[in-house]
Amino acid sequence: MGTERNWAGTYAYGARALHRPSTLEALQVIVARAPKVRALGSRHSFSGIADSDELVSVDDLPPEIVVDEDASTVSCGAGVRYGELARALHAQGLALHNLASLPHICVAGAVATGTHGSGDASGNLATAVAGLTLVTSAGDIVEATRADPDFDGLVVNLGALGVVTRLTLDVEPAYEVRQRVFERLPWEAVLDVDAIMSTGYSVSAFTHFGPVAEQVWVKSRDEDAPAPARDLFGAVPAADHVHPIAGVDATAATPQMGVAGPWFERLPHFRMEFTPSAGDELQSEYLVGREHAADALEAVRSLASDIQPLLQVCEIRTIAGDELWMSPHHGRDSIGIHFTWKPDQPAVERVLMRIEAALAPFSARPHWGKLFLMDAAAIAPRYERLPDFRRLAERLDPRGAFRNAWLEQHVLGGE
């Protein structure tokens with residue numbers, strides 16, 4: 001195959017073959033025969049997490065979006081993008097509880113890495129999973145639901161357990177959302193995370209670690225939307241639509257100005273039909289417990305002189321805790337500190353060394369799909385169910401077909 005890259009062009013996959021099976025049976029044969037193989041999703045990761053000698057895409061498997069009204073669930077093919085799923089659900093008067101900032105990502109990849117969206121009371125996207133189907137390295141099919149004892153280990157699976165082919169997600173009645181943007185929130189107000197993040201259903205603050213957070217995006221479910229405010233703890237309403245990254249055309253951003261619209265057109269930051277974010281970028285994110293939010297933010301801000309020359313923007317948001325073994329939010333409500341970097345990886349990695357050291361006292365967990373440096377020895381104490389996950393990987397993949405260099409370095413090594 002030719003050189004395949006991630007969506008931002010910053011990572012080149014080293015695989016020698018990319019398979020695109022169109023049937024479950026063909027996928028089973030490919031996986032069972034391959035000495036080393038990994039599933040490749042929508043390529044919105046920034047590392048070698050999905051790389052292997054051979055890659056398999058599930059994009060050509062049947063999407064088959066099927067709603068079960070009695071169970072309040074929807075099942076779909078693993079390669080379906082959230083934007084596609086959302087439109088299909090909305091057409092039937094249904095919705096998901098949460099969406100990530102990018103609707104372009106595929107369901108299986110987002111779930112496998114604990115990708116999250118935001119909201120004080122909203123768990124990450126994986127918490128909506130009620131069932132899944134995967135193909136093991138022996139070519140066998142495993143189906144699991146919440147009733148299964150290992151289910152919480154199967155969901156955020158990092159691609160280590162098999163190739164997920166279908167997922168079943170919880171749904172709820174469709175709702176509308178109003179999105180308002182406020183500008184120039186004083187840093188002292190940013191540190192009052194509980195107050196700021198409780199102003200909407202989903203809230204994000206964007207900053208460069210100066211005296212203010214340049215923007216605060218407040219997304220409110222229409223039934224709970226407050227009356228238009230003159231200010232937000234000192235921040236003032238934006239006069240027009242904006243992009244999270246200063247100087248970038250706002251056309252790609254979802255509608256703002258407090259105009260009500262469908263949930264799937266407001267919860268993401270970016271429209272499905274446009275290239276998200278800046279495109280030419282690297283991303284990192286660290287999750288810390290809510291109780292450490294202010295101290296962790298101050299620790300990162302102390303490195304502002306190192307961070308700012310490489311930073312496009314930093315997003316601060318909250319995510320509810322869950323019980324999924326390898327979720328970055330396992331067992332604790334979290335605050336996410338997300339960095340969109342200029343595409344200079346050697347320089348970014350030098351800064352990440354300092355950021356990870358500054359956040360170490362707060363047991364920060366990295367977002368699995370982003371760029372980070374922590375090795376397995378550093379990560380292990382931060383995941384109490386990691387030993388169980390390692391045993392589950394050994395049971396479902398005894399020949400190690402899904403193990404790759406990234407997994408060995410960051411998760412499965414150092415036992």
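Which are the buried residues of α9? I began there, keeping in mind that this is a predicted model.

**Helix α9**

I listed the buried residues of α9 and got Ala 347, Val 348, Val 351, Leu 352, Ile 355, Glu 356, Ala 358 and Leu 359. Then I looked up what they pack against: the partners are β16 (282–289), α7 (293–301), α8 (304–307) and β18 (334–341).

I also checked the length of the helix. With 15 residues (345–359) at 1.5 Å a residue, α9 should span 21 Å, and I find its end C-alpha atoms 20 Å apart, which agrees.

**Nonpolar cores**

Next I went to the cores. The largest nonpolar core holds 117 residues, and those with the most contacts inside it are Trp 263, Phe 339, Trp 341 and Trp 368. My helix turns up again here, as α9 gives the most to this core, with 7 residues. Another core, of 8 residues, lies apart from it; I noted Val 181, Phe 206, Val 242 and Val 313 among them. As background, nonpolar side chains in soluble globular proteins tend to be buried together.

I picked out Phe 339 and asked what it is in contact with, leaving aside its neighbours within four places in sequence. The list I wrote down is Phe 209, Leu 282, Gln 283, Ser 284, Tyr 286, Val 300, Ile 307, Leu 311, Val 313, Cys 314 and Ile 355. Ile 355 I already had as one of the buried residues of α9.

**Ser 47**

Is Ser 47 buried or exposed? I placed it first: Ser 47 sits in the loop between β2 (37–40) and β3 (54–57). Its relative accessible area is 8%, so I count Ser 47 as buried, the cut-off being under 20%.

I then looked for its partners. Beyond its neighbours within four places in sequence, Ser 47 is in contact with Tyr 11, Lys 370 and Trp 406. With Trp 406 I found a polar contact of 3.3 Å between the two side chains.

**The sheet with β2 and β3**

I read an open sheet of 3 strands in the order β1-β3-β2, with parallel pairing. The edge strands are β1 (17–19) and β2, each pairing on one side only. From one strand to the next, I have the twist averaging 30 degrees.

How many bridges join β1 to β3? I count 3, and the two strands run parallel. For a landmark I noted that Ala 17 stands opposite Glu 54 in β3.

Terms used:
Residues are numbered from 1 along each chain as its sequence is written. This is a predicted model: local features need pLDDT of at least 70, side-chain atom pairs count only at pLDDT 80 or more; totals for chains, interfaces and linings use all residues. Side-chain values use heavy atoms; hydrogens and water are left out. Helices (H or I, at least four residues) and strands (E, at least two) are DSSP runs, numbered from the N terminus. The expected span of a helix is 1.5 Å times one less than its number of residues. Buried means under 20% relative accessible area, exposed over 50%, partly exposed in between (1.4 Å probe, protein chains only). Contact means heavy atoms within 4.5 Å. A polar contact is a pair of N or O atoms within 3.5 Å; within protein, one must be able to donate a hydrogen and the other to accept it, and residues adjacent in sequence count only if both atoms are side-chain atoms. Two strands pair if DSSP finds at least two bridges between them. Axes are lines fitted to C-alpha atoms, for helices over the stretch in contact, and angles run from 0 to 180 degrees between N-to-C directions. A nonpolar core is a set of buried Ala, Val, Leu, Ile, Met, Phe, Trp, Tyr and Cys residues joined through side-chain atoms within 4.5 Å.
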